[in-house]
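Here are my notebook entries from a first look around this model. Come along and check each one as you read.

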Amino acid sequence: MGRTPPHPQVSQFDLQQVLEALVDPVRRSIVTRLVTSGEDLKCGAFDMPVSKSTATHHFKVLREAGLIRQYYVGTSRMNSLRRTEMDEAFPGLLDALTRAVSAPS
């Protein structure tokens with residue numbers, strides 16, 4: 001395994017866990033940023049109003065829910081959205097999230 005943390009398989013995705021991960025605005029902002037960027041981003045690329053340890057917790061919740069995949073490039077922990085896997089497990093969920101976040105209030 002090395003430094004790469006464990007990730008759930010698509011068959012292990014749980015809708016309740018995914019929704020609980022997305023209920024937090026910080027975690028939603030991480031997912032939304034990954035959707036809109038269209039590329040993998042290192043943890044430090046996210047502007048979050050929380051401490052580093054709290055940010056680490058948020059990334060872990062998203063990873064354990066299956067929303068993101070984390071891996072290392074040198075010393076940087078990279079984050080990629082598991083869009084294909086999420087669309088397979090829960091079709092339309094990420095599209096609905098993106099529309100909801102970008103909709104005018």
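**Entry 1: H1 against H3**

I began with a pair of helices and found that H1 passes H3 in a left-handed crossing. I call a crossing left-handed if the near helix is turned anticlockwise from the far one by less than a right angle, and right-handed if clockwise. Helices here are DSSP runs (H or I, at least four residues), numbered from the N terminus. On the H1 side I found Gln 17, Val 18 and Ala 21 making the contact, and on the H3 side Val 61, Leu 62, Glu 64 and Ala 65. Contact means heavy atoms within 4.5 Å.

Before going on, I noted that this is a predicted model, where local features need pLDDT of at least 70, side-chain atom pairs count only at pLDDT 80 or more, and totals for chains, interfaces and linings use all residues. Residues are numbered from 1 along each chain as its sequence is written, and side-chain values use heavy atoms, with hydrogens and water left out.

Next I looked up the angle: the axes of H1 and H3 cross at roughly 155° and come within 9 Å. Axes are lines fitted to C-alpha atoms, for helices over the stretch in contact, and angles run from 0 to 180 degrees between N-to-C directions. H1 and H3 are therefore roughly antiparallel (over 145 degrees).

**Entry 2: H2 against H3**

I then turned to H2, which packs on H3 at about 65°, the axes being 10 Å apart. That makes the two helices roughly perpendicular (65 to 115 degrees). H2 passes H3 in a right-handed crossing. From H2, Val 26, Arg 27, Ile 30 and Val 31 meet His 57, His 58, Phe 59, Val 61 and Leu 62 of H3.

**Entry 3: the inside**

Which residues have the most contacts inside the largest nonpolar core? I found Val 18, Ile 30 and Leu 67, in a core of 23 residues. Such a core is a set of buried Ala, Val, Leu, Ile, Met, Phe, Trp, Tyr and Cys residues joined through side-chain atoms within 4.5 Å. Leaving aside residues up to four places away in sequence, Ile 30 touches Phe 46, Met 48, His 58, Phe 59 and Leu 62.

**Entry 4: back to H1**

The buried residues of H1 are Val 18, Ala 21 and Leu 22 (under 20% relative accessible area, with a 1.4 Å probe and protein chains only). They sit on the same side of H1 because they cover an arc of only 95° around the axis, taken from the directions from the helix axis to the C-beta atoms.

Note on methods:
Buried means under 20% relative accessible area, exposed over 50%, partly exposed in between (1.4 Å probe, protein chains only). Angles under 35 degrees count as roughly parallel, over 145 as roughly antiparallel, 65 to 115 as roughly perpendicular and the rest as oblique.
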